[in-house]
Structures are given as structure tokens and as C-alpha cells.
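Let's take a walk through this structure together. Have a look at the picture first, and then we'll go through it piece by piece.

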Amino acid sequence: EASMKKCLELLDDMEHCYRESGGTIAKPDSHTLRLILRTILNSGMSSSFDCAQTILQRFVDFGVKAKEGDYLVVMKIANDPIKVEGILNRVKANYDRDQSEKPTTPLYSECISAYARSRDQNSPSKVMHLFDELDELYQSTGDPDFRPDSTLYGATVDAISKSKSKGNSAIRQAMKLLERMETDFDSGLIDVGPNRYAYTSILSSISRIKAPNGHVLAEDLLRRMSNRSRQVNDEDILPDTVAYTALLQALARSRSPDKIDKAKKWFAEMETRYMEGNSDLKPNKITYNALINCWRTSGRRDSGEQAQQVLELVDQRYKEGDHEIKPDAMLYSSVIDAWSRGRSTEKVERAWDLYSSMRKQFAEGNLDMKPNDIIMSTLIKCCGFVQGEQAKKKGLKVLLQCFSEVTSSKHIGQSPSTFYSLLTSLPKLVGDDARRRPLSAAIFEACVKAGQLNGSVLNALGECQPELYVKLPFVNNGRYRNEDIPSEWRKNLPQNRGTRKDAR
């Protein structure tokens with residue numbers, strides 16, 4: 001901020017000298033403009049963009065026109081895609097008027113990149129409109145300054161891949177653009193073909209969607225990377241850890257009956273190539289978690305046992321010296337959930353053992369093992385997913401231990417989801433209404449005391465213990481209004497969200 005203010009003061013001095021001398025000395029020029037804009041960029045101030053706009057106009061008054069590099073700096077200062085596109089539109093208007101400025105390929109690339117960085121304003125239709133607009137300009141003029149290049153292609157593929165579009169339509173659009181980029185490179189129309197990031201950005205996008213054939217698209221794209229690498233003799237395109245991990249994540253989301261066989265195959269291939277000397281294929285913590293999630297979502301009876309084996313493998317390699325894959329709460333939470341979803345008769349005890357291990361390691365100073373309410377909710381749900389009287393007795397014992405943790409541990413943040421899980425799991429373990437009632441009341445009272453009461457907890461109480469629910473002072477004929485819930489009972493809800501106006 002101080003540098004920017006000093007810089008503007010110097011500009012004022014220059015302008016004064018320039019005016020006083022009748023325009024003979026100290027005239028600000030294009031180099032001055034570039035220095036000032038970069039100082040504004042580095043200032044990081046919220047008013048930077050408005051300041052940059054003012055500076056551009058001041059230099060127009062000096063007869064200094066902004067160049068492509070200047071506009072790129074202002075675009076970076078703006079960051080917001082709407083403002084960035086406004087800069088592009090300004091240059092386009094000048095081009096349409098007198099061709100004094102050109103909306104060049106780098107300006108379009110920066111604008112598309114700004115949309116890629118925006119979580120809310122990014123859309124495939126917008127970035128493709130910009131891409132096609134520049135392409136049409138090049139086709140109509142033949143001007144090399146408008147020629148699409150590898151940076152433009154890469155930015156567009158990245159933006160489409162990062163969009164929030166549902167389904168796989170955006171993925172297919174990105175794939176078509178990737179194919180076109182390959183073709184244009186092979187034809188000599190662009191100097192650089194798609195790099196590894198272009199492929200892996202699409203793979204990462206595939207790993208996030210819930211399309212039924214997402215894993216098929218991911219497998220095809222990973223093979224395509226290998227084939228393309230051989231075709232153009234470029235090892236830098238070969239799949240790396242990011243690519244294989246994204247594939248495993250896509251398999252974890254898949255409902256394919258052979259997802260586990262595929263996951264084991266691809267992970268084994270990755271490990272083999274790493275052991276053969278390809279350092280780009282070293283499995284990382286996210287890779288192992290993706291493999292655990294494949295088991296977690298497999299629906300297999302032994303999902304807990306198999307996920308546990310992966311965790312033990314990570315722990316073993318960490319102890320052997322691979323400190324980059326130190327086990328943490330994320331891995332443990334995934335394995336606990338895998339036990340919860342499996343059908344092992346020992347799943348409650350094994351899940352509790354994992355939690356106990358986490359708690360012990362955290363107490364000994366391992367901050368990566370800090371328990372939280374999400375892990376606790378997962379463990380509580382595990383208690384409710386048991387069959388048989390003996391298993392239910394064990395489940396109830398662990399559930400009560402979890403309740404004690406929730407109310408006594410200073411490290412587990414109390415949340416509505418935790419109390420909801422307790423109230424929904426309890427009836428599955430205790431069928432007798434009279435025996436269950438004091439436990440339900442204790443859980444509900446703890447929720448109220450914590451100020452975490454919301455609609456989901458109230459609904460859970462209504463299902464678990466309806467005779468307690470109807471006695472609540474704000475419930476009339478089985479219904480309630482959000483504003484009637486005592487504020488003290490919901491005072492610690494995140495931004496007071498989660499309550500429902502007309503539940504049940």
C-alpha cells in the first residue's frame with residue numbers, strides 16, 4: 001500500500017513537471033505506465049482495480065496508449081471475471097472503432113482463465129463463446145494476433161473442466177476441444193499440443209461428477225494419454241499420480257460391479273511403474289484415500305477389512321520412511337465409514353478401535369489425528385448398522401461411549417449432525433420404548449444445552465420418541481414454527497441455519 005501511494009505521488013510530480021515545462025521534460029511514457037500498474041498489482045489493495053482504471057485514463061490524456069501487456073496486468077488486478085471481460089470488451093470496442101487496439105489471443109486467454117478461477121461465474125457456454133468469438137475473428141481476418149494457441153486451448157479446457165455443470169455434458173465438450181487441440185497441433189496450426197495438465201484437469205473433473213459411466217471416461221482418457229505420449233514421442237504427457245488418483249476417485253463414485261477389480265488393477269499398475277523408477281507415479285495420501293473409498297463404496301461384505309488393509313499399508317510405508325503419506329484423520333474417517341458400510345460382525349469394535357487410536361495419537365501430540373464431529377457421526381452410524389442381539393448390545397455400548405465423547409471432549413465440536421445420528425441410531429439398538437426414553441431425553445437435553453437444535457434433530461426426536469416430541473412447548477398438533485424455538489436452544493448453529501419453518 002505504501003509503495004503504491006508513493007508511486008502515485010511520483011506520478012503526480014512527473015505530471016507537474018511535464019505541465020510546467022510545457023511538455024518538454026518528465027513526460028510519462030509506456031514504461032512508466034507498466035511500472036505503475038505492476039506496483040498496483042503487487043499492492044493487493046481492494047481498490048486496486050479502480051485505481052488501475054484511473055491510471056489508464058490518465059495516460060490516455062498523456063497520449064500514451066495501453067499495450068497488450070498493460071491490459072494483461074489490469075486483468076490480473078481485476079481477477080473478477082466480469083471485470084476482466086469488461087477490459088476485453090473495452091479493447092474490442094476500440095478495435096471495432098478504429099483498430100487502434102487489438103483484442104489479442106493472450107487477452108482472451110486471460111479472460112477465460114479468470115472464469116476458470118471463479119467457482120460461481122464459470123460456465124462452459126461463456127468460455128466457449130469467448131473461444132469461438134476469437135476463432136471467428138481469426139478466420140475472418142487471418143491476423144496471427146488472433147490465432148488460437150495452446151495457451152488459449154489449455155485455458156478453455158481447464159475452465160470447462162472446472163465448471164459446475166451437472167452430468168457429463170461439460171466433460172464431453174472439454175474432450176472435443178482436447179481432440180481439436182491435438183488435431184491442430186498435428187496439422188501445424190498451433191505450436192504446442194495439449195500438455196499433461198490439459199488431460200488431468202479433465203480427469204479431475206470426471207472424478208467429481210456422478211455420471212454412471214464416469215469411470216469409463218476416466219479409463220479411456222488415461223489410456224489416451226499413454227497412446228498420445230507414444231504417438232508424439234513426449235513422455236511429459238504420460239499419466240502421473242494426479243491422473244491415476246483421479247481415475248481411482250472416479251471408480252470410487254462408480255456403481256460398476258467390477259469397480260474393485262478395476263481399482264486394484266490400476267493401483268497395481270501405478271505401483272509397479274513407480275517401483276520400476278517412474279517417480280511421477282508415486283502414490284500419495286490422496287491416492288490411498290481414493291483406494292479406500294473404492295472399498296468404502298463397493299457394497300462388499302468385507303469392505304471394512306479391505307479398507308483396513310490399505311490403511312495398514314500406508315502406516316507401514318510411513319514407518320519405513322515415507323513421511324509424505326503420514327496417516328491422518330481423513331484416512332481414518334474413510335476406513336471407519338468402510339467398516340460401517342460392511343457386514344462384519346466385528347465392525348463396531350473395529351471402528352471404535354480406530355477412533356481410540358486416533359484419540360490416543362492426538363493426545364500424544366499428533367495434530368493430524370484430531371477427532372471431529374464428522375468422524376464421530378460416522379462412528380455413531382456404524383453402531384446403528386448392526387444385526388443380531390449380541391451385536392446390538394455391543395453397538396449400544398459403543399454408542400453410549402460416543403455420546404460421552406460428544407458431551408465431554410473439548411476437541412469434538414458438537415453439531416446437529418452428531419445429535420441427529422445419535423437419535424436415529426438409538427431406536428435400531430433399543431427396541432423397548434420405555435428403556436429407550438431416558439437415553440433419548442438425555443441426548444436431546446445435551447443438544448439443547450449445546451445450542452445445536454435444528455429441524456433435523458427435532459424430526460429425529462419425533463421418530464425416536466414421539467411422546468417426548470409432542471411435549472415440547474413450541475409444538476402444537478405435531479407441528480412447530482422456526483421462530484417459536486427458544487433462541488437459547490439454537491444459539492450455536494452455524495449462522496443459525498438448519499432449522500425448518502414447518503417440520504413434520
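One word we'll need a lot is "buried": a residue is buried when its relative accessible area is under 20%, exposed when over 50%, and partly exposed in between, using a 1.4 Å probe and protein chains only. Helices (H or I, at least four residues) and strands (E, at least two) are DSSP runs, numbered from the N terminus. What you're looking at is a predicted model, where local features need pLDDT of at least 70, side-chain atom pairs count only at pLDDT 80 or more, and totals for chains, interfaces and linings use all residues. Residues are numbered from 1 along each chain as its sequence is written, and side-chain values use heavy atoms, with hydrogens and water left out.

Start with the whole chain. Its secondary structure is 23 helices and 0 strands. The C-alpha trace spans about 95 × 60 × 45 Å along its principal axes. Its radius of gyration is 30 Å, while a compact globule of 504 residues would come in near 23 Å; that radius is taken over C-alpha atoms, and the globule rule is 2.2 Å times the number of residues to the power 0.38. Of the 504 residues, 50% count as buried.

Now step inside. A nonpolar core is a set of buried Ala, Val, Leu, Ile, Met, Phe, Trp, Tyr and Cys residues joined through side-chain atoms within 4.5 Å. The largest one here has 150 residues, and those touching the most other members are Ile55, Ile202, Phe419, Leu453, Leu458, Leu472 and Phe474. Helix 12 (residues 241-253) gives this core its largest share, 8 residues. Take Phe419: setting aside residues up to four places away in sequence, its contacts (heavy atoms within 4.5 Å) include Val406, Ile443, Ala450 and Val457.

Helix 22 (residues 455-464) is mostly covered, with 8 of its 10 residues buried. Among them are Val457, Leu458 and Leu461.

Next come the aromatic rings. Rings of Phe, Tyr and Trp (its six-membered ring) pair if their centres lie within 6.5 Å; planes under 30 degrees apart count as stacked, over 60 as edge-to-face and the rest as tilted. There are 10 such pairs in the structure. Tyr95 and Phe146 make an edge-to-face pair, because their planes stand at 85°, with the ring centres 5.5 Å apart. This pair links distant parts of the chain: Tyr95 sits in helix 5 (residues 81-98) and Phe146 in the loop between helix 7 (124-141) and helix 8 (150-162), 51 residues apart. Another edge-to-face pair is Phe444 with Trp489, at 6.3 Å centre to centre and 85° between the planes. Phe444 lies in helix 21 (residues 433-449) and Trp489 in the segment after helix 23 (466-469), so the pair ties together parts 45 residues apart in sequence.

Last stop: Lys285, in helix 14 (residues 285-296). Is Lys285 buried or exposed? Lys285 counts as buried, because its relative accessibility is 18%. A polar atom of the Lys285 side chain lies 2.8 Å from the backbone oxygen of Lys326. Leaving aside neighbours within four places in sequence, Lys285 is also in contact with residues including Glu324, Asp328 and Leu331.

Conventions: Polar contact = N/O pair within 3.5 Å; in protein donor to acceptor, adjacent residues only side chain to side chain.
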